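Subject: Structure handover

Hello,

Here is the structure I said I would pass on. Please look it over, then read the notes below it.

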Amino acid sequence: MKSILDYETVALADERDAIVIIDQTLLPGQTKLIDLKTGEEIWNAIYLLQVRGAPAIGVCAGFGIYILMKHSKASSEEEFLSELKKNKDYLNSSRPTAVNLSWALERMEHKVISFIEEEKRAGRSFDKEAVIKVMHDESEAIKAEDIDVCRRIGENGLTLLKKGDGILTHCNAGQLATCKYGTATAPIYLGHERGYDFHVYCDETRPLLQGARLTAYELHSAGIDTTLICDNMSASIMKAGKIQAIFVGCDRVAANGDAANKIGTSVVATVAKHYGIPFYVCAPTSTIDMNTFTGDDIVIEQRKPEEVTDMWYKERMAPEGVKVYNPAFDVTDNSLISGIVTEYGVLRAPYDKAIKEMFEQNK
């Protein structure tokens, strides 16, 4: 029987003009692969969390803009670029907080524009088929880089852990949020392969239960010692000495090191600070947004109240008409973060300086 880890989170089925994803809204009860072929299908898959996690969203967006432009009817450079921008803006509107979405779409657009300019300098006219080939190659490069980056984050994160450590994680920053390894789970998977015997505690992560449905599912499938807890139980296990480190992913890191992640993350970080437990944010550099100066500048997605009042319940569990506050993310202040684990190493405070130096050294 196949494990959930045997499936690709996001894949390009070029021969049938489709992106293939695992519909994560059905996990863990049903493993279903679905094809995304139209702009609306791709937009809905991102918004409805059928594909989720900042890196996986970025990979899906790269494939998505390629699929939408593959059979473009544009007859000129101007028409092609206009259509490209329209599709880019449409897909980018699906989720505002995950920076990898806009990062991947802008990278694809920049690659196209750069290629066209190079062709002009070489005296060649606009070649739509050549441009589409460039888009295909760039979208596949985004996926390949995601796998490499996550492995490197895992190696860097593993240096912060000891054999037998208890680890707490929140939401899902696992393989299901990326193309392989995950970000916050990458050190866990690599340590498991090397006999570190970690015990991992997964917050269930209300209201969409990504920790229960996804993280606990994939870690347990991998044979890792895994315990599921409700979100409001994390302080008790920290106080009991069961947790030696906390690893979370993120959807956007500001230039000063503030990090937006699934709602409830900042609570975990605050409690960890109280108990002296290191709190690490695992962030590919594609998730660091130098144009967002602090966490106050991060747009927080607000989601439907039914996710709190109705989802997962046989009958509505809250009174009709009651107000519901349902932000998808919160921002963890950089003062609560012990280190930001990237593919280039572990960044330490002051983060504005460390982030700037990292980018300068790895241009």
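This is a predicted model: local features need pLDDT of at least 70, side-chain atom pairs count only at pLDDT 80 or more; totals for chains, interfaces and linings use all residues.

**The annotated site**

The unreviewed UniProt entry carries the annotation "active site" for Asp251.

Is Asp251 buried or exposed? The relative accessible area of Asp251 is 9%, and the cut-off for buried is under 20%, so Asp251 is buried. Beyond its neighbours within four places in sequence, Asp251 is in contact with Ala54, Thr97, Ala98, Val99, Ala260, Asn261, Thr287 and Phe329.

**The sheet that includes S8**

Strand S8 belongs to an open sheet of four strands, in the order S11-S8-S9-S12 and with mixed pairing. At its edges are strand S11 (288-289) and strand S12 (329-332), each of which pairs on one side only. Strand S9 covers residues 259-262 and pairs with S8 in the antiparallel sense, over two bridges. Val253 has Ala259 in S9 as its bridge partner.

Another open sheet is made of three strands in the order S1-S2-S3, with antiparallel pairing. Strand S1 (10-13) and strand S3 (33-36) have a single partner strand each, so one side of each is left without a neighbour in the sheet. On average, neighbouring strands here are turned by 30 degrees against each other, direction ignored. Four bridges connect S1 with strand S2 (residues 18-22), in the antiparallel sense. Ala13 has Ala18 of S2 opposite.

Which helices lie across these strands? Helix H1 (residues 39-47) lies across S2 and S3 and runs at about 135 degrees to S3. Helix H2 (residues 54-70) lies across S1, S2 and S3, at about 15 degrees to S1.

**Two helix pairs**

H2 also packs with helix H5 (residues 128-158): their axes come within 9 Å and cross at roughly 170 degrees. Angles over 145 degrees count as roughly antiparallel, so H2 and H5 are roughly antiparallel to each other. On the H2 side the contact includes Pro55, Gly58, Val59 and Phe63, and on the H5 side it includes Ile132, Met135, His136 and Asp146. By class, the residues of this contact are nine nonpolar, four polar and four charged.

The other pair is helix H3 (residues 77-92) with helix H4 (residues 99-121), whose axes are 9 Å apart at an angle of about 170 degrees. H3 and H4 are therefore roughly antiparallel to each other. Among the residues that make the contact are Phe80, Leu81, Leu84 and Lys88 of H3, along with Leu101, Leu105, Glu109 and Ile116 of H4. The contact of H3 with H4 has nine nonpolar, two polar and six charged residues.

How is strand S13 (residues 339-342) covered? Both faces are covered: Gly339 and Val341 are buried on one side, and Ile340 and Thr342 are buried on the other.

S13 pairs with strand S10 (residues 279-282) in the parallel sense, over three bridges. In this pairing, Tyr280 stands opposite Gly339. S13 is also joined by three bridges to strand S14 (residues 345-347), and these two run antiparallel. Val346 in S14 is the bridge partner of Val341. S13 and S14 form a hairpin, with two residues between them.

**One lysine in H11**

Lys356 is located in helix H11 (residues 351-361). Its relative accessibility is 49%, and Lys356 therefore counts as partly exposed. From Lys356 to His192 the separation is 164 residues in sequence and 33 Å in space, C-alpha to C-alpha.

Regards

Technical notes: Residues are numbered from 1 along each chain as its sequence is written. Side-chain values use heavy atoms; hydrogens and water are left out. UniProt positions are given in the numbering used here, feature names are shortened, and annotations may be inferred rather than shown by experiment. Buried means under 20% relative accessible area, exposed over 50%, partly exposed in between (1.4 Å probe, protein chains only). Contact means heavy atoms within 4.5 Å. Two strands pair if DSSP finds at least two bridges between them. Axes are lines fitted to C-alpha atoms, for helices over the stretch in contact, and angles run from 0 to 180 degrees between N-to-C directions. Angles under 35 degrees count as roughly parallel, over 145 as roughly antiparallel, 65 to 115 as roughly perpendicular and the rest as oblique. Ala, Val, Leu, Ile, Met, Phe, Trp, Tyr, Cys and Pro count as nonpolar, Asp, Glu, Lys and Arg as charged, and the others, Gly among them, as polar.
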